[in-house]
Amino acid sequence: MPLDNEEQRIEKDRLTRIFQYLKALNEHRNPVKRQIREQPWVLWLNELPEHDTINYTGYIEENNTKEETTAEEFILKVRRPKITAAPKPPALLTDWLEGGWDDPEGEIKIVEAHEEVDENGEPYIVRFEDDPERKLALNLWQQKWEKWAQNEIPARKSMRIFERFYELYGLLQKESERFELVVGDGILNWRRPNVSIHHPLLLQRVQLEFDPEIPEFIITESDHDPELYSALFQSITDVDGREIASCRAELMENNYHPLGGEPTASFFQRLVVRLSPRGEFLGDRAPVKDSDEPKIGRSPVLFLRSRTLGFATAIEAILQDLTTRDDINEALQRIVGVEQSPISEQNNDDRVIVDAEED
């Protein structure tokens, strides 16, 4: 219902103070994480091993709406790989191999010499190279080992990824109310006097599914819209809140996806200049060194975060919205104790009477 200007001012002032209090309380209980390494679980997607058990879609086209997505679409699939043992060395080499030969990321090391005792109890030195058969056996077995290691290294790297998802899935099953899985990109690196940032800006909540029959983990889209992690800029006084609000509005209008292609890259390029006139977009590489000027680069990352981080982003959006919005929800009006003015009530009653007479 319409309010006069003074009532609107009082209403906005009270609502702003309420949400500022909620913001401060949330920041006290759940400090904003500005370093990606501080998140409970992190996986950089560009560092996934190349193996046929890992299927990562990479950057996607952004010309599809959510209504056009299908159940077959996914971001990442991780199937359990088959692990094989190293080829067994011939008996001729057993006593001459150092430990670690069964690790594909290790190397074959030979004991150069042994001390043995002759029939008279006298010690003598036996060298590996003294027996040509040992050298031939080593060459033949090493060829088999190297072929095995070449295939086994990516398989074992894939297994480590599978095991990480296995642990993550168990955690999410137990702590689903506390944590949520997010994919992010647009890594902002910015060193300020009292804070240092190295964290993705554009986030999208995702779902982790597990098919035990294969077995396989699948990362799929959620129904949530992408979000701008604007809470990063709390306490940074030289960031204009209006610019952040403008970026958030652009994101709401266009739904840029963290894994999107050129449109998402262009969004990052505009965003970094909104933060500072010296802001720089690095393209398909993440900033690695702390910088006094904001730098944004692309390096998609999957991570676990506390659900309260989404709450902080929502509060930021509400506070910004209050600066421009005039039509406040009646439920919120009642919360802050702003009553409809008698003039407005009389006008509404008059309209009801007129409408009744016309009928």
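Let me start with N151, which lies in helix 2; helices here are DSSP runs of H or I with at least four residues, strands are runs of E with at least two, and both are numbered from the N terminus. This is a predicted model, in which local features need pLDDT of at least 70, side-chain atom pairs count only at pLDDT 80 or more, and totals for chains, interfaces and linings use all residues. Residues are numbered from 1 along each chain as its sequence is written, and side-chain values use heavy atoms, with hydrogens and water left out.

N151 has a relative accessible area of 52%, so N151 counts as exposed. The cut-offs are under 20% for buried, over 50% for exposed, and partly exposed in between, with a 1.4 Å probe and protein chains only. The side chain of N151 reaches the backbone oxygen of K147 at 3.4 Å. That is a polar contact, meaning a pair of N or O atoms within 3.5 Å; within protein, one must be able to donate a hydrogen and the other to accept it, and residues adjacent in sequence count only if both atoms are side-chain atoms. N151 and I83 are 68 residues apart in sequence, and their C-alpha atoms are 9.9 Å apart.

What about E152, buried or exposed? E152 is buried, because its relative accessibility is 3%. E152 also sits in helix 2, residues 132-174. Leaving out residues up to four places away in sequence, E152 touches I83, T84 and P104, where contact means heavy atoms within 4.5 Å.

Next, helix 3, which covers residues 241-254. With 14 residues at 1.5 Å a residue, helix 3 should span 20 Å, and its end C-alpha atoms are 20 Å apart, so the two agree. The expected span is 1.5 Å times one less than the number of residues. Which residues of helix 3 are buried? They are I244, A245, C247, R248, E250 and L251. N254, by contrast, is partly exposed, because its relative accessible area is 38%. N255 follows helix 3 and has a positive phi, near 55 degrees.

On to a hairpin. Strand 4 (residues 113-117) and strand 5 (residues 123-127) run antiparallel and are joined by 5 bridges; two strands pair if DSSP finds at least two bridges between them. E116 has Y124 in strand 5 as its bridge partner. There are 5 residues between the strands, and in this hairpin G121 takes a positive phi near 80 degrees.

Finally, the whole chain. It has 7 helices and 12 strands, and 41% of its 359 residues count as buried.
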